[in-house]
Amino acid sequence: MKLKIAILGAGNVAWHLAPALEDAGHEITEVYSRDIQKAMEITERVYAAEPKDDLDFSESKAQVFILAVKDSAISELADQVILPEESILVHTSGAMPLDILGYSSASYTGILYPLQSFTKGKKMDMDEVPFLVEAEDEETFQKLKKLAKSISPLVYQVRSKDRKAVHVAAVFASNFTNHMIRIAEEIMKRQGLDFEMLKPLIIETISKSLQIGAKKAQTGPAIREDYETLEEHHRFLAYNDQLAEIYRLISQDIIDS
């Protein structure tokens, strides 16, 4: 099943998704962005897509229209875009429900959520990215499932309420983990130390957590209930009340878990 696809958005997801869809045999017809230059950045990555800065797609040959934009823009664009008959409109958000597309001009709606952290310019193996799929009807779901499977074998049917749980879990696993690493970088830098010495520890921790489970992999003063060390660390962080409180709260949660 080869589809004609238009992408609305020119951010990180669109940057990766457009060439992946084309590599899977689909045709990217248009890429929309309010900034035409950003749309062109995406169209330059595929064969013959047209950059657009308007939302009139009434003459488009595309069958599927993918909203790859920030969550706060989905509802507005869905309401404003002019789509041809029998079109399928999907969004790529992990947090937004399916019914946010309910007032669009699309004949069918769905969700195609890639469960991954994307950055422009960083190569990504899309066949290792899980896709969470949802649709308002079975026929549309099957089409979106086939579309997702053309990119990756990791395809899951997940309803909006459960996808929200996945998204929250992903924030803890990805965004919060990354933020903790950023804090570690700042602590090392403040002491004039080389962050490189922590990298093997970070790699081993993540690897072990995935291999044997995070609960079994937990080490450190909190899990040992080493209150003397915890207090020493808390005093060390006295230069920043917010960091000290983060340390205290997370340590206590490890002790309580």
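Residues are numbered from 1 along each chain as its sequence is written. Local features here need pLDDT of at least 70 in this predicted model, while totals for linings use all residues.

**Exercise 1.** Find the strands that pair with β6, and decide whether β6 is buried or exposed.

*Solution.* 
- Step 1: Locate strand β6 at residues 108-114. Strands are DSSP runs of E with at least two residues, and helices are runs of H or I with at least four, numbered from the N terminus.
- Step 2: Look for partners. Two strands pair if DSSP finds at least two bridges between them.
- Step 3: Take β5 (residues 88-91). It runs parallel to β6, joined by 4 bridges. His-91 stands opposite Ile-111 in β6.
- Step 4: Take β7 (residues 131-135). It runs antiparallel to β6, with 5 bridges. Gly-110 has Ala-135 of β7 as its bridge partner.
- Step 5: Check burial (buried means under 20% relative accessible area, with a 1.4 Å probe and protein chains only). In β6, 6 of the 7 residues are buried, so the strand is largely enclosed by the rest of the structure.

**Exercise 2.** Describe the lining of the largest pocket: which residues lie nearest its centre, and which helix gives the most?

*Solution.* 
- Step 1: Count the lining. It has 48 residues, and Thr-177, Met-180, Ile-181, Thr-205 and Gln-218 lie nearest the centre of the pocket.
- Step 2: α5 gives the most, with 13 residues. Helices supplying at least two residues each include α5 (160-190) and α6 (199-212).

Notes
Predicted model: local features only at pLDDT ≥ 70, side-chain atom pairs only at ≥ 80, totals over all residues. Heavy atoms only, no water. 1 Å grid on protein atoms, 1.4 Å probe; cavity = no way out; pocket = protein on both sides within 12 Å on 5 of 7 lines; lining within 4 Å. Buried < 20%, exposed > 50% of the residue type's maximum accessible area, 1.4 Å probe, protein only.
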